[in-house]
Amino acid sequence: MTIRLVSVDRHVLLRLGLARVVAAHADIELVGEAGSAADALRVVEETAPTVVTMGLSLPDGDGVAVAQRLRESNPDLGVVLLTATADDALLYRALDAGLSAYVTKSAPVGQVLTAIRHAAVAPTSFTTPGLAAALSRRQSQGGLLSRRERQVLSLMRDGISLPAIAAQLHVSEATVKTYVSRLYSKLRVNNRSQALMVAVNQGLLATVDAA
């Protein structure tokens with residue numbers, strides 16, 4: 001399968017550089033490029049790409065917000081955030097926004113290509129170099145989940161029903177459903193089994209046990 005790529009960045013030289021890189025790889029075809037949010041929306045609609053590489057700062061918008069808009073209308077679109085600097089806060093933002101990958105512009109070419117290929121085959125699965133370490137730092141700084149969300153996750157792991165969780169936490173069932181909805185949103189899953197699987201993979205259940 002040939003990956004259809006659109007490059008979005010305010011800097012022409014960055015777009016030219018990426019075009020030169022992918023030209024040497026037969027599995028990636030650059031089908032369009034854009035220097036603004038408005039152009040990005042138009043080009044993506046016209047070219048139907050597999051993956052978009054997105055700069056953070058555009059003349060008329062924020063790259064992460066533009067990526068979210070693109071994903072809303074193209075759920076299977078892979079999005080790689082390509083930025084100038086490595087920053088944990090930006091990494092967490094890209095993760096929470098549901099992007100596919102986060103790579104710095106100074107990364108080796110191989111990492112950029114790997115991110116593009118990952119985004120093509122697993123657009124809803126986030127990857128970035130050093131992800132495990134970044135998640136560990138996030139947990140040590142307050143965690144991905146709130147204390148109450150961790151409690152709900154722990155009870156879900158034990159197979160307790162939502163009404164029973166509500167009774168144990170002395171809150172309404174509607175409140176528990178709100179916590180569960182937030183859990184699913186933060187973990188980017190759709191059901192209990194998926195939530196527990198992601199929690200195990202990200203080491204969140206160990207955090208729950210220690211809390």
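**Ground rules**
I'm working on a predicted model, where local features need pLDDT of at least 70, side-chain atom pairs count only at pLDDT 80 or more, and totals for chains, interfaces and linings use all residues. Residues are numbered from 1 along each chain as its sequence is written, and side-chain values use heavy atoms, leaving out hydrogens and water.

**Entry 1: the sheet**
I started with the strands (DSSP runs of E, at least two residues; helices are runs of H or I, at least four residues; both are numbered from the N terminus). I found an open sheet of five strands, ordered 2-1-3-6-7, with parallel pairing. Two strands count as paired if DSSP finds at least two bridges between them. Which strands stand at the edges? Strand 2 (28-34) and strand 7 (101-104) do, each with a single partner strand, so one side of each lacks a neighbour in the sheet. On average, neighbouring strands are turned by 25 degrees against each other, direction ignored.

Ser7 sits opposite Thr53 in strand 3.

Helix 1 touches strand 1, strand 2, strand 3 and strand 6 (78-83), and its direction makes about 170 degrees with that of strand 2. Helix 3 (residues 63-73) touches strand 3 and strand 6, at about 165 degrees to the direction of strand 3. Axes are lines fitted to C-alpha atoms, for helices over the stretch in contact, and angles run from 0 to 180 degrees between N-to-C directions.

**Entry 2: helix 7 on helix 9**
I looked up how helix 7 (residues 147-157) meets helix 9 (residues 173-187): the angle is about 90 degrees and the axes are 10 Å apart. The two helices are therefore roughly perpendicular (65 to 115 degrees). Helix 7 brings Arg148, Glu149, Val152, Leu153 and Met156, while helix 9 brings residues including Tyr179, Arg182 and Tyr184. I get seven nonpolar, no polar and four charged residues in this contact. Nonpolar means Ala, Val, Leu, Ile, Met, Phe, Trp, Tyr, Cys and Pro; charged means Asp, Glu, Lys and Arg; the others, Gly among them, are polar.

**Entry 3: a pocket**
A pocket here is an open set of points on a 1 Å grid over the protein atoms alone, where a 1.4 Å probe fits, with protein on both sides within 12 Å along at least five of seven lines; lining residues have an atom within 4 Å of a point. Leu14, Lys105 and Val112 are among the residues lining the second largest pocket. Helix 1 gives the largest share of that lining, four residues.

Conventions: Angles under 35 degrees count as roughly parallel, over 145 as roughly antiparallel, 65 to 115 as roughly perpendicular and the rest as oblique. Contact means heavy atoms within 4.5 Å.
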